[in-house]
Amino acid sequence: MEKKPVIELDGVSKIYRLPAGDVIALDNISLKIQEGEFVAIMGPSGSGKSTLLNQVGCLDVPTSGTLRLAGADVGEMSDDELTDLRRDTIGYIFQKFNLIPLLTAYENVEYPYILKYREYDTTDRVHNLLEMVGISRSHATHTPSELSGGQQQRVAIARALVNEPKILLCDEPTGNLDTKTGEQIMGILEDLNNKGRTVIMVTHDPTTAEHADRTITIRDGCIV
Amino acid sequence: MKKPDIIVKLAVRNVRLHFLRSVLAALGIVIGVVAIASMGMMGTNMTLSVTAELSEMANVLVVSPDSGGGGGGMPGMGSSSSSDDDDEYISESQLKDIQRAAGSNFMYYLYSETEDISIGSDDGRATIYGMAEEDMPEVLTVDEGSYPKTTSSVLIGPTLAEKYDLVPGNRIKIGDEDEGSQQTVRVVGILEEKGMSMDINSDNAIIATEKWFTGTFGGEGEYPQVNILLDDVNDADAVTEAIEDQLNRKEDEVQVQDSSRMLETVTDTVSTLTTFVMGIAGVSLLVAAVSIFNVMMMSVSERTRENGILRSIGTRRRELIKMFVYEAAILGVVGAIIGGILSMIIGYFVVLIMIGTTDYFFYPASLVYVPAAMAIGIIICVLSGVYPAWHSAQLDPVEALQAD
């Protein structure tokens, strides 16, 4: 069955121009990821796996080559369009959780929703998501610094899901968590994937990568 | 939307998070607003009180005979020349013309001489005015005693009274003893202090009745000076024109001096000073702007990672800029409000101490400096937040996320 890929990279390169010479972070990468796939990207430090994730996540644009997300060419988008794409189509889960310290857990989850719909959530969606990832209503009123790492990552997952993104991008989602908590987080991600969401995960932990359907290994900016 | 905008909410929380820093930044604005507002109010109050004082003398038009070119200074400012060489005067018929031109404004004529006087064993010289008895209450105010009822009773100015220890009932000898023309008058009233004036300087003078004056010095119906007290200072030009029209059509018979010019000059000088002082006060707002700028730059660089997060989860550049501008605006508004309240209090005391009266403090022209200074404070605050805000939005989200 030939499905249209949700993510399509065609000859993507990323070159950082430094005074000491160019650094090729990604070297002519071509890659297709179908909707509903769970892909793990592995590789040693400095291999370019995070750079690849940043391209897919529209945080950065390729130096050359084309990147299509859900059919749209990212290279032709303005900064605002890229921002909206990040808001609506992509959900991020970071190693350092990256919650906004000023907002409560609830507000952190609600924030992208407000950015998208320009109004506060009245559909109980935020509460339902928090419940789904295992954050109780009493915990929802706490700020990130008052929560444990595992709880913060759960909040971050809820935040990533609030705008129903097609793609979930995870950068070492269990990197800052103990094994047991990490397993719980991976359980949630696997569950989400089973419900049809495309998940792309960067990791250097082979155990974590076992959850994925497909593993791509990167070394020196090339897929091996 | 019932609840405040999320961007505003974030801005408020950021300001609160660094409370002390925010307070210090806002303090700069407070000081700037207070300085500008109280200096502005002081200047206005000074202008208003000086204008009020001066306009009492500014409503006077002085008509004097045209001496043919030159113009002999300000008549009534004291010593006119002695009687015999003075052939310039305003005649009875000219006086009628002036009265007609003056319309409903009060007009009176004035004789004046400077003569030797002696009180007991003290000798001196004084200006002696002669005026119609019925005009006296209109022009002069008696502080002690009463207006003259007999020909040889006089009023004297407070300075003269003090100098010679005169009280109502005392007698003054006027004229040169050796020439045998000495006359004795009785003081019946001492005038209130009047200050400098264009028409009549009564503080150091003897005011005699017209009858006595012309009886002593002669010159009845030959008026060296006619004064018009205007009901409204703004009529000065119209009345002047009317007099010129009546009397100076063929040849210049009289000259009219309008004291409102002097008032204008003084008011201009005061307002120039006010502007200058406010300029100095403005420097304090400039310093406040630099401090706000510094605080905002610190805030931006401290929150690099946070800004990276905001950007990565879908906050547009404009929204991030807005957040920082809001933060600056909050500091500005809070600072301006506190500054506005304080400047009302501090301004009141500054005016009280510097001007000596707060009669004019609540005039709109004075109070307008409070909202004006507040507006300037807020604008400066927002402007100094613009660059840091813009700077924050230019960050590369990838780099920003890697910052600690």
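**Chain B, overall**

I began with chain B and counted 13 helices and ten strands, where helices (H or I, at least four residues) and strands (E, at least two) are DSSP runs numbered from the N terminus. I note that this is a predicted model, in which local features need pLDDT of at least 70 and side-chain atom pairs count only at pLDDT 80 or more, while totals for chains, interfaces and linings use all residues. Residues are numbered from 1 along each chain as its sequence is written, and chains are lettered from A and ligands numbered from 1 in the order in which they are written.

I looked up the radius of gyration of chain B and found 34 Å, whereas a compact globule of 404 residues would have one near 22 Å; the radius is taken over C-alpha atoms, and the globule rule is 2.2 Å times the number of residues to the power 0.38. Along the principal axes, the C-alpha atoms of chain B fill a box of roughly 110 × 50 × 40 Å. Of the 404 residues in chain B, 43% are buried, a term that requires 20 or more other C-beta atoms within 10 Å of the residue's own, with 12 or fewer for exposed, partly exposed in between, and C-beta atoms placed from the backbone.

**Helix H6 of chain B**

After H6(B) comes Gly218(B), with a positive phi near 80°.

**The sheet of chain A**

I then traced an open sheet of six strands in chain A, with the order S6-S7-S8-S3-S9-S10 and mixed pairing; two strands pair if DSSP finds at least two bridges between them. Strand S6 (90-93) and strand S10 (222-223) of chain A are the edge strands, each pairing on one side only. Strand S3 (residues 38-42) and strand S9 (residues 214-219) of chain A run parallel and are joined by four bridges, and Ile41(A) stands opposite Ile216(A) in S9(A).

Ala70(A) lies in the loop between strand S4 (64-69) and strand S5 (72-73) of chain A, and counts as partly exposed because it has 17 C-beta neighbours inside 10 Å. Phe97(A) lies in the loop between S6 and helix H3 (105-117) of chain A, and counts as buried because it has 23 such neighbours inside 10 Å.

**Where the chains touch**

Finally I looked at the interface, where 20 residues of chain A are in contact with 19 residues of chain B, contact meaning that the C-beta atoms of two residues, placed from the backbone, lie within 7 Å. On the side of chain A that touches chain B, helix H2 (79-88) and H3 of chain A each supply at least two residues, and the largest share, six residues, comes from H2(A). I sorted the residues of that side into ten nonpolar, three polar and seven charged, counting Ala, Val, Leu, Ile, Met, Phe, Trp, Tyr, Cys and Pro as nonpolar, Asp, Glu, Lys and Arg as charged, and the others, Gly among them, as polar.
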